[in-house]
Amino acid sequence: RRPPSPLLEGVAVREATFASWVQRVSGKYERHKAAARFPAPPRDQPTARAAEEYQGCMQEVAEQEGRATTAALDCIFRFFREWMSTTHPDADAFVEVARDGLIVAKNQAGRNVDWMHDMKSWSEGVTFNETPTPKWGDVQFPTASALQRAASRFREMGVEEINSRLAPVLTVQQDYGETGCEGGRRLEVREGTSLGGKVR
């Protein structure tokens with residue numbers, strides 16, 4: 001008996017491969033046809049309840065951010081009042097609220113800064129004229145994002161509103177806007193109250 005021809009063996013292999021391919025294609029076709037006739041329900045389509053829950057969550061986040069911004073703004077005015085009543089500047093007093101949330105107060109004579117404090121250090125307690133200032137143990141220091149939002153709100157406040165928050169300890173003498181505090185607000189202040197401050 002002669003062995004099978006290699007040529008015939010190759011033909012048989014190709015025929016078997018082709019038949020297997022046809023079977024796979026036919027199976028996919030039938031599955032696609034069935035899916036077209038009986039489509040599965042979408043899995044990612046949000047329901048009305050999910051949309052309501054999402055809106056409620058976003059509203060809660062906005063309210064939390066609003067409360068945090070208000071608390072940060074309260075801290076800013078508290079710092080300015082405490083700083084003025086504690087240090088009693090003997091030269092030109094300035095308070096600055098930077099865009100990035102850095103809050104500082106300084107006593108400046110011309111270009112010479114005699115002393116300066118930032119709100120973060122002040123809240124942790126500093127020593128001025130050999131006298132320690134109390135730490136802010138009753139409040140949590142604001143986050144960076146809350147301070148930035150508070151700085152944006154402070155930048156838009158009117159002088160009369162600012163004075164109402166600073167009273168009766170200090171008042172705005174002149175509003176320099178962003179001059180000397182790019183993107184923020186710089187105010188020259190003095191001890192006491194006033195009906196308003198000069199605005200540049």
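Analyst: One term comes first: two residues are in contact when they have heavy atoms within 4.5 Å of each other. The model is predicted.

Start with the whole chain. The protein chain has 200 residues, and 30% of them count as buried. Its secondary structure comes to 5 helices and 8 strands. From the N terminus, the order is α-α-β-β-β-α-β-β-α-α-β-β-β. Among contacts with a separation of 6 or more, 56% join residues 24 or more positions apart.

Now the part to look at: helix α2. Helix α2 covers residues 48–87, which makes 40 residues. At 1.5 Å a residue, α2 should span 58 Å, and its end C-alpha atoms are 58 Å apart, so the two values agree. After α2 comes His 88, with a positive phi near 45°.

Which residues of α2 are buried? They are Thr 69, Ala 72, Leu 73, Cys 75, Ile 76, Phe 77, Arg 78, Phe 79, Phe 80, Trp 83, Met 84 and Thr 87. An α-helix has 3.6 residues a turn, so residues three or four places apart point the same way.

Take Thr 69, which lies in α2. Its relative accessibility is 4%, and because buried means under 20%, Thr 69 counts as buried. Leaving out residues up to four places away in sequence, Thr 69 touches Ala 146, Arg 149, Ala 150 and Arg 153. Thr 69 and Ala 150 are 81 residues apart in sequence, yet their C-alpha atoms are 5.2 Å apart.

Next, the core. The largest nonpolar core has 33 residues. Those touching the most other members are Ile 76, Phe 79, Phe 80, Trp 83, Met 119, Phe 154 and Ile 162. Elements giving two or more residues to this core include α2, α3 (119–124), α4 (144–156) and α5 (159–166). The largest share, 9 residues, comes from α2. Met 119 shows how α2 is met from elsewhere in the chain. With residues up to four places away left out, Met 119 touches Cys 75, Ile 76 and Phe 79, and also Ile 103, Trp 136, Phe 141 and Leu 147.

Last, the largest pocket. Its volume is about 230 Å³. Helix α2 gives the most to its lining, with 6 residues. Among the lining residues are Ala 68, Ala 71, Ala 72, Asp 74, Cys 75 and Arg 78, along with Val 139, Phe 141 and Ala 146. By class, the lining has 8 nonpolar, 2 polar and 2 charged residues.

Key. Residues numbered from 1 in each chain as written. Predicted model: local features only at pLDDT ≥ 70, side-chain atom pairs only at ≥ 80, totals over all residues. Heavy atoms only, no water. Helix = DSSP H or I, 4+ residues; strand = E, 2+ residues; numbered from the N terminus. Expected span 1.5 Å × (residues − 1). Buried < 20%, exposed > 50% of the residue type's maximum accessible area, 1.4 Å probe, protein only. 1 Å grid on protein atoms, 1.4 Å probe; cavity = no way out; pocket = protein on both sides within 12 Å on 5 of 7 lines; lining within 4 Å. Points joined across faces, edges and corners; volume = space filled by probe spheres on them. Nonpolar A, V, L, I, M, F, W, Y, C, P; charged D, E, K, R; others polar. Core = buried A, V, L, I, M, F, W, Y, C linked by side-chain atoms within 4.5 Å.
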